[in-house]
Amino acid sequence: MKFELPEKKKAVHTMRIPIRWGDMDAMGHVNNTVYFRYLETIRIEWMRSIGCQPDPQGEGPVIINAFCTFHKQLEFPGEVVATMFVSDVGRSSFESWCTLERADVPGVVYASGGATTVWVDFPKQKSAPIPDSLRQHLID
């Protein structure tokens, strides 16, 4: 199943991630599981950069699904330019999207993916409204 990035989305964060030798598999390209690590890295870095740290005794984000479409093989050495977008903000959830490009081949998407994030009250194990401090970063 292939997921397409929506036309209506908000860019929220860009970062560079080095491709490590150990990211490759026996076929000589970045292992498919590592792409999910790249998606996780930008998602966590963005949340950290806006002061949105989860509180295990309170509230925080939970990923309820994740996906990735592999367009081209990433290989060592190199750097990935990850760009994160958000869309479809609801009461307690939003969609995150990401493109992965090589720094030395700008404009060529090697992979695209994303996740559905739900804001959760951890002690109650229930969804909770997205706090205003996060919502301001999600809405245009």
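Hi everyone, let's start with strand S4, residues 93-102, which is mostly covered, with 8 of its 10 residues buried. Buried here means under 20% relative accessible area, with a 1.4 Å probe and protein chains only. Strands are DSSP runs of E of at least two residues, helices are H or I runs of at least four, and both are numbered from the N terminus.

A quick word on the source: this is a predicted model, where local features need pLDDT of at least 70, side-chain atom pairs count only at pLDDT 80 or more, and totals for chains, interfaces and linings use all residues. Residues are numbered from 1 along each chain as its sequence is written, and side-chain values use heavy atoms, leaving out hydrogens and water.

Now, which strands pair with S4? Two strands pair if DSSP finds at least two bridges between them. Thr83 has Thr99 in S4 as its bridge partner, while Leu100 stands opposite Ala111 in S5.

Next, the turns. The hairpin of S3 and S4 has 5 residues between the strands, and Asp88 there has a positive phi of about 50 degrees. Between S4 and S5 there are 6 residues, and Gly107 takes a positive phi near 90 degrees.

Finally, which elements each supply at least two residues of the lining of the largest cavity? They are helix H1, 32-49, and our strand S4. A cavity is a set of points on a 1 Å grid over the protein atoms alone where a 1.4 Å probe fits but cannot get out, and lining residues have an atom within 4 Å of a point. Among the lining residues are Leu39, Trp97 and Cys98.

Note on methods
Buried means under 20% relative accessible area, exposed over 50%, partly exposed in between (1.4 Å probe, protein chains only). On a 1 Å grid over the protein atoms alone, a cavity is a set of points where a 1.4 Å probe fits but cannot get out, and a pocket is an open set with protein on both sides within 12 Å along at least five of seven lines; lining residues have an atom within 4 Å of a point.
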